[in-house]
Amino acid sequence: MKGPTTVLAIANQKGGVGKTTTAINLGAALAARGQRVLLIDLDPQANATSGLGLNKGQIERSVYEALIGQVALERAITGVNWDGLDLVPSAIRLAGAEIEMVGLMAREQRLRRVLEPVQGRYDLVLIDCAPSLGILTVNALTAAHGIIIPIQCEYLALEALGHLLNTIALIRDHLNPALEITGIVMTMFDARTNLSQQVVDEVRTHFPREIFQTIIPRSVRLSEAPSHGRPILSYDPSSRGAVAYRHLADELLARLGSRSPDA
Ligand code: ATP
Ligand code: MG
């Protein structure tokens, strides 16, 4: 990809839908395609941080210090065990930022501001959001060009989406008019159940343009990889999960390429 950095928030306020799994593995797959990728862990749970092999209790410079202006974001960037992928780690103290940032000027725009100096150094910035629509996620959606929404293939999958779509509309009105829905990715698809297929069909009916063709299967290997601190492409490169995230990376790049004016 040529030109400026594309910033994508991976968000859904519903918990456990595959945001972090997608952030890590899509990030690694994009890097394997030659993209320079920065992953920002914007969740106080710091699952992307530990899933990439860092000890979340020993992070000295995290996204928290960057957001409150203690260090430049660049100084919180660390390499991980995967070529082309860098990480701004999180730490549990980020939980305090929800409250501390209330008193700061332009508190919704902190992330956008602190990201400015790294523009151009990366092709893509992926932001792994927490399961909330609080100030941290609002910062991600304000800094982003697009949002990727993972949806788990399960009963009532669409129920929580209304809140998220409302939030996106509010962010467009007040903070980030250009925010796009880059795509919806269906996760944890279980081919043995009719329910998974029904959920995919329902989402496809409502969001035919947004839904990615690539569907992420439910796979034990995907859930094991983070405990080894590695993306699936490293832990089990030929597994179904690895194949799916490579396809998703290709589909995303095609989508971004066809939308960007200088592609
Ligand atoms: P949270 O809202 O807490 O941040 P999340 O949306 O980031 O959660 P993940 O942490 O990616 O979700 O996934 C939730 C759990 O499901 C994790 O244990 C993860 O390993 C597992 N998981 C995610 N995707 C898959 C998959 N495709 N197959 C099997 N397990 C998966
Ligand atoms: Mg997560």
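Which backbone N or O atom lies 2.9 Å from a nitrogen atom of ligand 1? In this predicted model, the atom belongs to Ser219, and the contact is made through the backbone of that residue. Two further polar contacts involve oxygen atoms of the ligand. A polar backbone atom of Gly16 is placed 2.9 Å from an oxygen atom of ligand 1, and an N or O atom in the side chain of Gln45 is found 3.2 Å from an oxygen atom of the ligand. On its own, ligand 1 has 620 Å² of accessible area, of which the protein covers 80%.

The shell around ligand 1 consists of 18 residues. Lys19, Thr20, Thr21, Pro217 and Ser219 are the closest of these. By residue class, the shell contains 8 polar, 6 nonpolar and 4 charged residues. At least two shell residues come from each of three elements: helix α1 (19–32), strand β8 (211–217) and helix α9 (220–224). Of the elements contributing to the shell, α1 has the largest share, with 3 residues.

Burial was also examined for helix α6, which spans residues 135–143. Because 9 of its 9 residues are buried, α6 is largely enclosed by the rest of the structure. Buried means under 20% relative accessible area.

Notes:
Residues are numbered from 1 along each chain as its sequence is written. Chains are lettered from A and ligands numbered from 1 in the order in which they are written. This is a predicted model: local features need pLDDT of at least 70, side-chain atom pairs count only at pLDDT 80 or more; totals for chains, interfaces and linings use all residues. Side-chain values use heavy atoms; hydrogens and water are left out. A residue is near a molecule or strand if one of its heavy atoms lies within 4 Å of it. A polar contact is a pair of N or O atoms within 3.5 Å; within protein, one must be able to donate a hydrogen and the other to accept it, and residues adjacent in sequence count only if both atoms are side-chain atoms. Accessible areas come from the Shrake-Rupley method with a 1.4 Å probe; for residues, only the protein chains shown count as cover. Helices (H or I, at least four residues) and strands (E, at least two) are DSSP runs, numbered from the N terminus. Ala, Val, Leu, Ile, Met, Phe, Trp, Tyr, Cys and Pro count as nonpolar, Asp, Glu, Lys and Arg as charged, and the others, Gly among them, as polar. Buried means under 20% relative accessible area, exposed over 50%, partly exposed in between (1.4 Å probe, protein chains only).
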